[in-house]
Amino acid sequence: MAAPGEYFSVGSQVSCRTCQEQRLQGEVVAFDYPSKMLALKCPSSSGKPNHADILLINLQYVSEVNIINDRTETPPPLASLNVSKLASKARMEKEEKMSQAYAISAGVSLEGQQLFQTIHKTSRNILEMSKAKS
């Protein structure tokens with residue numbers, strides 16, 4: 001476990017041995033000292049080459065940690081987020097959930113609710129496709 005003042009650099013390669021004697025190895029993607037949580041990116045368990053597994057490891061249950069390759073340079077900046085697009089999507093999801101709740105409270109049958117959801121999803125997909133073509 002990390003001692004006070006120790007941390008893991010993003011991009012470093014580490015190996016851990018859990019209290020169940022399991023060996024885990026991967027690239028550090030995040031480390032939170034207060035909670036002693038380490039996030040490692042490992043090769044995909046599915047075998048797909050462009051996929052990865054992310055393991056969240058509670059270092060309180062780790063008996064040994066070895067730094068295989070310490071990354072000293074600054075990691076690349078995170079990708080920027082389109083906040084307006086995220087807010088729009090959140091608003092649409094909220095509206096959809098509210099309409100579903102209204103349908104349930106209004107006593108609409110299950111078949112009616114499913115039909116409404118299908119029509120709503122279809123119209124939303126058509127709208128998104130037309131925006132993508134613009």
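Predicted model: local features only at pLDDT ≥ 70, side-chain atom pairs only at ≥ 80, totals over all residues.
The five strands form an open sheet with antiparallel pairing, in which the order of the strands is 4-3-2-1-5. Strand 4, covering 52–58, and strand 5, covering 62–69, stand at the edges with a single partner strand each, so one side of each is left without a neighbour in the sheet. On average, and with direction ignored, neighbouring strands of this sheet are turned by 40° against each other. In a regular strand, side chains alternate between the two faces of the sheet.

| Strand pair | Sense | Bridges |
|---|---|---|
| Strand 1 and strand 2 | antiparallel | five bridges |
| Strand 2 and strand 3 | antiparallel | five bridges |
| Strand 1 and strand 5 | antiparallel | six bridges |

Strand 1 spans residues 13–18 and strand 2 spans residues 23–32. Between these two strands, Ser15 stands opposite Gln25 in strand 2, and Arg17 has Arg23 of strand 2 as its bridge partner. Strand 1 also pairs with strand 5, where the bridge partner of Cys16 is Val65.

Strand 1 and strand 2 form a hairpin with four residues between them, and Glu21 in its turn has a positive phi of about 60°. The hairpin of strand 2 and strand 3 likewise has four residues between the strands, and here Lys36 takes a positive phi near 60°; strand 3 then covers residues 37–43.

**The helices**

Helix 1, made of residues 83–105, packs with helix 2, made of residues 110–133, at an angle of about 160°, and their axes are 11 Å apart. Because angles over 145 degrees count as roughly antiparallel, the two helices are therefore described as roughly antiparallel to each other. The crossing in which helix 1 passes helix 2 is right-handed.

On the side of helix 1, the contact is made by Met92, Glu93, Glu96, Ser99, Gln100, Ala103 and Ile104, which meet Gln113, Phe116, Gln117, His120, Lys121 and Arg124 in helix 2. The residues of this contact divide into four nonpolar, five polar and four charged.

**Overall dimensions**

The protein has a radius of gyration of 23 Å, whereas a compact globule of 134 residues would have one near 14 Å. Along the principal axes of the protein, the C-alpha trace spans about 60 × 35 × 30 Å.

Methods: Residues numbered from 1 in each chain as written. Heavy atoms only, no water. Axes fitted to C-alpha atoms, helices over the stretch in contact; angles between N-to-C directions. Parallel < 35°, antiparallel > 145°, perpendicular 65-115°, else oblique. Left-handed = near helix turned anticlockwise from the far one by under 90°. Contact = heavy atoms within 4.5 Å. Nonpolar A, V, L, I, M, F, W, Y, C, P; charged D, E, K, R; others polar. Pairing = 2+ DSSP bridges. Rg over C-alpha atoms; globule rule 2.2 N^0.38 Å.
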